[in-house]
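Okay, thanks everyone for coming. Let me put the structure up on the screen, and then I'll talk you through a few spots.

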Amino acid sequence: MAKKGNPTESRTRSSISVFVVLGLCCFFYILGAWQRSGFGKGDSIAIEVTKQTDCSILSNLNFETHNGDEAGTVGNQFEPCDAQYIDYTPCQDQDRAMTFPRENMNYRERHCPPEKQKLRCLIPAPKGYATPFPWPKSRDYVPFANAPYKNLTVEKAVQNWIQYEGNVFRFPGGGTQFPHGADAYIDELASVIPMENGMVRTALDTGCGVASWGAYLFKKNVLAMSFAPRDSHVAQVQFALERGVPAVIGVLGTIKLPYPSGAFDMAHCSRCLIPWGANDGMYMMEVDRVLRPGGYWVLSGPPISWSINYRAWQRPQEDLQEEQRKIEEIARLLCWEKKYEKGEIAIWRKRVNYDSCSEQDLLVPFCQATNVNDVWYKQMEACITPYPKTTEPDDVAGGEWKPFSERLNAVPFRISSGSIPGVSVETFQEDDKLWKKHVNAYKRTNKIIDSGRYRNIMDMNAGLGSFAAALESPKLWVMNVMPTIAEKDTLGVIFERGLIGIYHDWCEAFSSYPRTYDLIHANGVFSLYKNSCSAEDILLEMDRILRPEGAVIFRDQIDVLMKVKKIVGGMRWNTKLVDHEDGPLVSEKILFAVKQYWVVGENNSTTSQRSQERELSV
């Protein structure tokens with residue numbers, strides 16, 4: 001008869017095993033750190049050993065056992081796209097755009113490919129692609145190989161937009177309307193608009209060029225969302241994102257801007273070539289929609305002060321006079337107050353509530369839409385968006401403005417007023433606390449999140465913006481995306497917190513160039529879209545907009561993440577699955593991924609040494 005094992009002895013052996021594994025992990029971690037420091041020899045051997053010694057096996061051991069073969073399988077291997085697709089933007093494809101009407105810039109709007117025409121391959125990086133410079137050096141310098149287009153260096157040579165110097169582009173901080181530099185221009189605006197005290201935090205730059213205005217606003221702690229079309233200037237938005245400045249491909253055309261009503265503290269147009277007086281003032285009314293009550297609109301360049309500047313602009317006086325007359329008339333109908341006009345700059349302020357403009361004659365009708373934030377692919381209208389209701393004559397519609405960074409963690413008015421069903425003050429506070437906890441857990445695995453390595457960050461399912469709030473730092477910014485199929489639309493809350501974001505449907509391509517984000521956060525995205533579109537298509541789009549050696553953090557249910565892990569196994573991504581910070585019994589898990597470095601024309605079957613080193617640091 002066999003003896004029963006001694007329970008105490010078994011526990012002792014188990015404890016010894018755990019200590020041995022932990023000791024080995026620590027030894028190889030120190031070895032890896034030593035060899036990367038420059039003092040160690042045999043670097044390639046140490047890298048390989050460190051790769052094979054995966055300390056996460058302790059937390060994942062039981063999980064891997066219970067999930068059988070699926071945990072080790074890899075999905076289809078995705079091939080690289082042809083070299084012609086290096087800068088492919090699916091919904092702003094140039095060839096497709098030319099098949100649409102040019103009237104009101106319709107052809108420059110989003111026109112996504114039908115299902116059968118979607119590319120199902122990996123967009124390659126150009127030869128010589130380099131990791132962008134860290135901020136703030138990236139504001140002034142971009143590696144030439146990352147966006148090898150010299151058009152603007154010729155077209156805008158006298159306007160100080162961009163210069164080509166050796167293997168980099170240099171951005172001197174000039175612009176068509178700020179020949180003395182962006183700093184001097186912004187200082188003039190700040191003499192009227194309260195930027196210094198933090199009251200103005202979010203801005204919209206329409207027709208942004210290479211986004212130098214937005215780039216230099218960071219000095220004032222103002223966060224600008226810049227947009228421009230993909231047109232003959234080729235890569236202006238791409239340059240903006242390479243510089244580390246928030247930007248999307250976009251245009252004022254026939255559909256509403258993908259932002260909520262009452263979102264921005266300030267809007268800006270610097271010789272942006274938008275016909276503000278056309279279409280019965282529809283474009284100015286769209287700016288009015290996205291401005292907060294009390295927000296500012298800046299217009300610089302033609303036709304402002306036309307009687308002084310018409311010779312320099314080489315345009316007929318009569319045309320410029322009529323253009324400014326129309327703008328002034330529409331501003332009066334919107335009840336904007338002109339606060340400043342000097343040189344080529346004019347600044348208006350939107351009224352703070354409906355009652356603050358007793359002279360308004362209501363010649364322009366109010367919009368009839370029941371949901372003022374239902375804007376995705378909705379036609380733009382020549383009407384005034386209603387203000388939030390107020391009870392007292394001096395109340396600011398939508399709530400009193402708070403300075404940044406107080407507003408980052410203060411309860412937004414949209415929540416305290418009960419405007420968002422199902423979201424209470426307590427819900428907001430608990431969410432804010434929870435995401436601080438989540439982000440701290442992320443940093444224990446990806447130790448370089450707040451090091452400055454990741455400048456352009458995207459949250460694909462932003463909720464209340466608490467992920468971005470927990471990360472808030474001058475080193476980075478977050479594009480908070482509100483899926484159009486989300487149960488609750490809380491994008492307005494995100495703007496109230498002094499953050500920026502955009503509406504988007506992840507069944508379509510995002511309005512950006514390839515390789516424009518350093519870190520992507522996907523919380524519950526694949527559970528949200530499981531009945532709407534293919535996970536494979538969403539992952540291919542994530543791969544398109546993610547930089548080589550960029551990182552992704554997936555947070556979802558375990559069965560969903562196993563499917564994601566299988567797909568990205570064929571996309572040249574390295575992955576690491578970890579338990580929820582509350583322990584292995586929680587069904588929600590976190591999958592960390594790093595995109596390998598590879599460029600067009602290479603044999604990319606193996607990970608480059610740079611990708612291996614990046615993987616180790618994560």
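Look at helix H11, residues 306–313, and helix H12, residues 317–333: they pack at an angle of about 130 degrees, with their axes 10 Å apart. That makes H11 oblique to H12, and the crossing is right-handed. So which residues meet there? From H11 you've got Trp-306, Tyr-310 and Trp-313, and they meet Gln-317, Leu-320, Gln-321 and Gln-324 in H12. Do keep in mind that this is a predicted model.

Okay, on to the inside. In soluble globular proteins, nonpolar side chains tend to be buried together. Here, the largest nonpolar core has 140 residues. Those with the most contacts inside that core are Tyr-259, Trp-276, Trp-297, Met-542 and Phe-554. And which helix gives the most to this core? That's H20, residues 558–568, with seven residues.

Let's zoom in on Met-542. If you skip its neighbours within four places in sequence, Met-542 is in contact with Met-460, Ile-520, Ala-522, Phe-526, Val-552, Phe-554 and Trp-573. Phe-554, you'll remember, was also on that list of residues with the most contacts in the core.

Last stop: Lys-595, in strand S17, which runs over residues 588–595.

Definitions and conventions: Residues numbered from 1 in each chain as written. Predicted model: local features only at pLDDT ≥ 70, side-chain atom pairs only at ≥ 80, totals over all residues. Heavy atoms only, no water. Core = buried A, V, L, I, M, F, W, Y, C linked by side-chain atoms within 4.5 Å. Buried < 20%, exposed > 50% of the residue type's maximum accessible area, 1.4 Å probe, protein only. Helix = DSSP H or I, 4+ residues; strand = E, 2+ residues; numbered from the N terminus. Contact = heavy atoms within 4.5 Å. Axes fitted to C-alpha atoms, helices over the stretch in contact; angles between N-to-C directions. Parallel < 35°, antiparallel > 145°, perpendicular 65-115°, else oblique. Left-handed = near helix turned anticlockwise from the far one by under 90°.
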